[in-house]
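Have the sequence and the 3D view open as you read.

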Amino acid sequence: MAQRAERTERADAQRNREAVLAAADALFATSGSPHSVSMDDIAAAAGVGKGTLFRRFGDRAGLIGAVIASRLEPLQHTVREAQDAVGSDPRQRVLDLLDASLRFKIENRHLMSAAEEAGLNSPYQAEHYGWWHDILRAALEQVPGIHAADFTAHALLAAIRADLVAHLIDDRRMTPEDLQAALAAHLDNVLGTRSG
């Protein structure tokens, strides 16, 4: 009997977690500014008590991190598959990775900025940053002439920080297409001119 109650509790906890993530994701997406979404708003939309949010996610930063992770999961799967493709040009793989990260940040710029402001410490300590860095570094190691792939991966990711992306699109009115073109040009500058 105790084992059945434990399974039910775990199933309830999983349903609550999914409800909270779905509610937070929807509210952050429709609010225009994730800063205006309160923990009370999320709890009410998910149909759970505010205490459930804090027990499950710790704080606002933990909840935002979980929403980012849930949004990133399908993209990470797609990126892994693309990176495993045999015969693709190493420079193109690097550009494709940066472009995928940039598109994610463009589409989620308010949420990503909220994550930085919510006290997720340094963005460099976020799990998703480590993942992007590792996969980008591995791709850079395959590009002829790159001698400091680790640093280069950090420097390239710094060029597409969420706060910079939000500033360029929202304040400077740069189009996503112009930003993608500028990133491709920057990558050519960093990697050097293509031979042939």
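## The end of H2

Just after H2, Gly-47 takes a positive phi of about 75°. Keep in mind that this is a predicted model.

## The buried side of H2

Stepping back into the helix itself, H2 spans residues 39-46. Its buried residues are Met-39, Ile-42, Ala-43 and Ala-46. These four cover an arc of only 100° around the axis, so they lie on the same side of H2.

## How H2 meets H3

Two packed helices are described by the angle between their axes and the distance between the axes. For H2 and helix H3 (residues 50-57), the axes come within 8 Å and cross at roughly 105°. Angles of 65 to 115 degrees count as roughly perpendicular, which makes H2 roughly perpendicular to H3.

On the H2 side, the contact is made by Met-39, Asp-40, Ile-42 and Ala-43; H3 brings Lys-50, Leu-53 and Phe-54. Sorted by class, the contact of H2 with H3 has 5 nonpolar residues, 2 charged ones and no polar ones.

Is Thr-152 buried or exposed? With a relative accessible area of 13%, Thr-152 falls under the 20% cut-off and is therefore buried.

Which residues does Thr-152 touch, leaving aside its neighbours within four places in sequence? Thr-152 is in contact with Leu-140, Ile-146 and Val-190.

Technical notes:
Residues numbered from 1 in each chain as written. Predicted model: local features only at pLDDT ≥ 70, side-chain atom pairs only at ≥ 80, totals over all residues. Heavy atoms only, no water. Buried < 20%, exposed > 50% of the residue type's maximum accessible area, 1.4 Å probe, protein only. Helix = DSSP H or I, 4+ residues; strand = E, 2+ residues; numbered from the N terminus. Arc of directions from axis to C-beta. Contact = heavy atoms within 4.5 Å. Axes fitted to C-alpha atoms, helices over the stretch in contact; angles between N-to-C directions. Parallel < 35°, antiparallel > 145°, perpendicular 65-115°, else oblique. Nonpolar A, V, L, I, M, F, W, Y, C, P; charged D, E, K, R; others polar.
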